[in-house]
Amino acid sequence: MQTVTYKPSPDGAFLLSQRKRGLGESGLVEVLPMALFRGDDDLVSFDEYLLLPCNYGWDCWNPQGTRCFFLAMRYPKGTFPALEMDLPEDKAVMVLSVLDVTELKVIHETVLGMEPLSVSWNPTGEWAVIMRDEQKEREFLRSRARSEYDQAVSYMRSTGAVQQDDPANDPARLEHYLMNYDERYCGPDPFAYAVRQRNLYLKAQEMAIPYDEHILEKTEPEKVTPPPEQEPPAEPEAVAEPDPDAFHAPTKEERAHNRGILFGVAVFIVVILLVFAIFMVQTTGSASFLAAAVGTIGATIVRITAGWKRVFPRKYNIARIWVFLGLTISTLPYQAARGVNYLVTRAVGEPHHGWVFVISTICILWVWAFCVLRRNACSSLSEAKRWGWTTPVLAALIVGFFIFTTSTFQ
């Protein structure tokens, strides 16, 4: 029996493998479905993938051991088990897929024209980062598309009645759509029409799309041959520009740097709040003193966090600080704390301001941690910003509960 097997998960619990077995003396080889194993147990099988060997230098498992990427040829569902000699190569596309072992399903898939240069995990271990030679890959897809279209045109020019097993009866083939092509209704380009219609079918069937309708369009500038007496200038290396809408969680080093800054900010805020609490206990307090204390805290946060390794644009972070200051000065968090304490007093018959502060702070911090995790799992900046707005709101709530609690001990 032959197998294609990937490295086991970091804890050795999971193994991704696909087995092949010879059928006696016939010389035929049957390919079984790809399966995820836990020990000797087959957790889940996939009957549409032909697993390809993975570069041994690639770490196919994320650091948490919850996701695994694999390289495979994807066929229509239900293909395996199948004889190796009978695999429909015209219906296969190369894909790199991410399998989640907690959900037991493929959660992401990328169609490839050829084997990528390298594959790694993003800092959070959520998605596979693929480095590919896009020019060579596109040339490969162009060659494949041109060959497929030429074959389809040759078939259309042939004579004879359409048989049951002819390509014209297969909606996964270009011939199926060229049979109904009419320039008056379908556009001037039969190739683009056929590919566009087939892609709609493949998408509806949840099958991988091999290439788009623009694959044959020449997008690169024509190369000009220099005069014989001149040397051609060296081509500059292509520098990938960062996607302005992409979002990446901070790295391990950046998180350690930020924790040091956060500790300094926390110590300063505690000192300021203690001084503020002492003044509130000894005096009746005033709105001007409250505004001065909050303003001092806000200004110090801006100064200390100048070296913060941020994942958001600076203007967005400044806006969040203003939201925090505005909510605190408006006393809305204070009123929220007052309302919660009022409800607790009505429910139990006597006030418990200290316990309400402790329990409320723990709940707010738990919600805060949940929002940070959801933010770090985002792939786009706009989506991450929506979760980022929870930080100033929850921070203002903690300050409001603290102010109300200290005011009750006057």
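The expected span of a helix is 1.5 Å times one less than its number of residues. That rule opens the legends below, which show close-ups of a predicted model.

**View 1. Helix α1, end to end.** Helix α1 covers residues 134-157, 24 residues in total. At 1.5 Å a residue, the helix should span 34 Å.

**View 2. The buried residues of α1.** These are Glu137, Leu141, Arg142, Ala145, Glu148, Tyr149, Ala152, Val153 and Tyr155. They pack against β10 (105-112), α2 (175-178) and α4 (190-204). An α-helix has 3.6 residues a turn, so residues three or four places apart point the same way.

**View 3. The largest nonpolar core.** This core holds 39 residues. Tyr6, Leu16, Leu36, Phe69 and Phe70 touch the most other members. Two or more residues come from each of β2 (14-22), β4 (34-38), β5 (41-46), β6 (49-51), β7 (67-74), β9 (93-100) and β11 (118-121). Another core, of 15 residues, lies apart from it and includes Leu141, Val153, Leu174 and Phe191.

**View 4. Contacts of Tyr6.** Leaving out residues up to four places away in sequence, Tyr6 touches Leu15, Leu16, Leu51, Leu52, Pro53, Cys54, Cys60, Phe69, Phe70 and Leu71.

**View 5. A nonpolar surface patch.** Phe263, Val267, Val271 and Val275 make a patch of about 360 Å². Val271 sits in helix α5 (residues 252-282). Its relative accessible area is 45%, so Val271 counts as partly exposed. In soluble globular proteins, nonpolar side chains tend to be buried together.

Conventions:
Residues numbered from 1 in each chain as written. Predicted model: local features only at pLDDT ≥ 70, side-chain atom pairs only at ≥ 80, totals over all residues. Heavy atoms only, no water. Patch = residues over 30% accessible without salt bridge, like charges linked within 9 Å, V, L, I, M, F, W, Y side chains within 5 Å. Areas by Shrake-Rupley, 256 points an atom, 1.4 Å probe, with all protein chains shown as cover. Salt bridge = Lys/Arg side-chain N within 4 Å of Asp/Glu carboxyl O. Helix = DSSP H or I, 4+ residues; strand = E, 2+ residues; numbered from the N terminus. Buried < 20%, exposed > 50% of the residue type's maximum accessible area, 1.4 Å probe, protein only. Contact = heavy atoms within 4.5 Å. Core = buried A, V, L, I, M, F, W, Y, C linked by side-chain atoms within 4.5 Å.
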